[in-house]
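Please read it alongside the sequence and coordinates.

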Amino acid sequence: MKQVFRRPEALVDVPFHFCPGCHHGIIHRLVAEAIDQFALREKTIGVASVGCSVFLYDYFNVDVVEAPHGRAAAVATGVKRAMPDNFVFTYQGDGDLAAIGTAEIIHAGNRGENLTVIFVNNMVFGMTGGQMAPTTMAGQETTTTPYGRDPESNGYPIRMSEVMAQLPGTTFVARASVSDPKNLMKAKKMIRRAVEVQVNREGFGFVELLSACPTNWKMSPQDATKRVQEEMSSYFPLGVYKGEVD
Amino acid sequence: MGAIEAGCRFYFGYPITPQNEIPEYMAKHLPSVGGTFIQAESEIASINMLLGAGVTGVRAMTSSSSPGISLKQEGISYMCGSRIPGVIVNMSRSGPGLGGISPSQGDYFQSTRGGGHGDYRTIVLAPHSVQENYDLTMKAFDLADKYRNPVVILGDALMGQIKEPLARRKYRKREYPKDWTLTGATGREPRLVKSLYLSEGELTKHNWNLNRIYKSMKREIMFETHLLEDARLVLVAFGSVARILKSSIYMARQKGMKVGLFRPITLYPFPSAQLAKVALSIKNFMAIELNTGQMIEDVMLAVRHKGHHVDFYGRPPGSIPSPDELFDEIKKIYKKRIR
């Protein structure tokens with residue numbers, strides 16, 4: 001019998017702890033597939049951030065260092081400058097990257113660090129229980145915006161891909177969703193390109209992935225996925241913002 | 001210079017007075033030895049770059065001054081929790097807040113008590129001359145690797161900008177185990193460097209393990225004694241104030257006052273047992289600091305013998321005491337205690 005589907009080598013054979021309907025598991029797999037595709041598993045140093053994804057070190061079959069909250073891009077800068085021949089990636093949520101880590105991500109991008117950044121945007125602080133994130137929609141209810149996010153007092157949801165794309169130092173910036181097979185295939189290509197950019201020493205690759213968080217959105221996985229496809233994808237338009245994919 | 005000779009090839013920093021000479025020197029000289037200099041976007045970014053470089057096993061450093069060191073505390077705590085080596089220079093200035101740029105020793109507590117969150121320590125080295133700035137910087141890299149822990153060099157504006165002759169020496173790099181560094185899992189199991197421990201009992205064990213390492217640092221204790229043999233009053237001071245005191249002691253000796261100096265060079269671990277030994281034969285101590293009283297707590301913990309005295313003279317930041325001024329203060333205590 002011919003095996004046509006298997007776990008990527010870059011993933012450990014253990015079940016994910018993520019909630020039902022969460023997209024982290026899919027995104028983990030896509031990143032692992034890209035690592036396998038370029039045969040980078042033994043050269044990879046992952047930088048885990050603070051949030052639901054901190055446990056990526058339990059799932060990825062690679063060297064991992066844990067960064068303080070928001071500092072993954074700075075930690076990765078130190079790692080990559082010291083180990084320029086290794087593949088270094090960060091995996092960060094929107095609370096981590098777009099709130100406390102805004103300075104680090106912007107300046108790592110602006111320096112054109114030869115890194116790959118996987119940015120998972122689910123519009124809330126997931127691990128701490130669903131508080132408002134910088135990416136939370138206007139009107140969206142969270143535990144710290146119980147009456148809905150009011151831009152007058154809480155500001156507007158920030159579009160990080162657009163911010164990153166306009167920095168002269170970045171090479172590849174894209175936003176994708178994994179909420180349906182068609183978009184998932186696009187996401188896969190974008191992640192692959194963000195990895196390739198680093199392998200070819202072309203600079204800074206950044207992929208934002210929209211993710212559902214049914215638990216903190218207080219929705220069924222189906223409704224949460226629909227929200228990604230409709231409301232979220234319309235405020236955070238999908239596509240390549242800088243560079244090209246084949 | 002000491003850092004580069006000790007094999008440091010990575011520097012990450014952010015401008016702040018009075019230590020800009022360090023990043024400027026590194027920016028100029030690191031490229032010629034194949035090293036990397038990054039002027040980071042913040043103190044926070046620079047300490048985290050140090051964390052990232054340190055985890056790969058290379059020799060790396062950052063430097064700053066007091067307010068910047070406050071910002072670095074998060075990263076220092078993570079480095080201690082994750083056991084990542086690195087060298088951090090604090091050419092301290094005066095606080096609190098923006099304070100000023102004059103020499104101060106107001107960061108003694110911050111440096112010796114961990115400084116950030118959690119129950120951790122860093123080795124703290126306090127040079128009092130250009131020669132020691134150089135020698136202790138080299139040593140700092142060895143100690144950081146040996147204990148897999150950050151090492152802090154605590155100076156001040158005086159130590160940061162003083163000009164003196166320097167005898168260079170041949171440095172022989174010591175090699176320490178690298179079986180924990182992240183280099184990519186080529187032909188081996190993946191490695192993980194972290195400070196998060198959630199399983200029951202795991203963090204307790206981790207903290208006791210760290211504590212055991214901190215205790216083992218006692219073998220690195222360094223201190224200097226000066227004219228203690230016949231002394232009746234022991235001055236205890238570190239860094240630049242100890243340097244000034246050497247002149248004051250000379251003045252006191254000329255007046256027939258038997259005054260000596262005990263100078264801790266490692267502030268953590270503090271030479272407590274060594275100071276307690278001095279207290280077996282001498283009863284009077286005087287701590288002198290460029291602050292309102294911090295190191296004196298360690299002196300009092302070491303000198304707890306009945307009938308002993310620990311007096312204090314502190315000069316908060318804003319001006320540096322002259323040898324004459326300190327001599328006057330010593331004279332007052334000497335007259336009070338030794339009749």
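## Interface between the chains

In chain B, 32 residues are in contact with 28 residues of chain A, contact meaning C-beta atoms, placed from the backbone, within 7 Å. Elements giving two or more residues to the chain B side are strand 1 (10-13), helix 3 (43-54), helix 4 (66-82) and strand 7 (192-193). Helix 3 of chain B supplies the largest share, 8 residues. Helices (H or I, at least four residues) and strands (E, at least two) are DSSP runs, numbered from the N terminus.

This is a predicted model: local features need pLDDT of at least 70, side-chain atom pairs count only at pLDDT 80 or more, and totals for chains, interfaces and linings use all residues. Residues are numbered from 1 along each chain as its sequence is written, while chains are lettered from A and ligands numbered from 1 in the order in which they are written.

## Strand pairing

Strand 2 (residues 63-66) of chain A and strand 7 of chain B run parallel, joined by 2 bridges; strands pair if DSSP finds at least two bridges between them. The bridge partner of A:Val64 in strand 7 of chain B is B:Leu192.

## A:His23

A:His23 is found in the segment before helix 1 (24-37) of chain A. A:His23 counts as buried because 26 C-beta neighbours lie inside 10 Å; the cut-offs are 20 or more other C-beta atoms within 10 Å for buried, 12 or fewer for exposed, and partly exposed in between, with C-beta atoms placed from the backbone. Not counting residues up to four places away in sequence, A:His23 touches A:Val178, A:Ser211 and A:Ala212.

Note on methods
Two residues are in contact if their C-beta atoms, placed from the backbone, lie within 7 Å.
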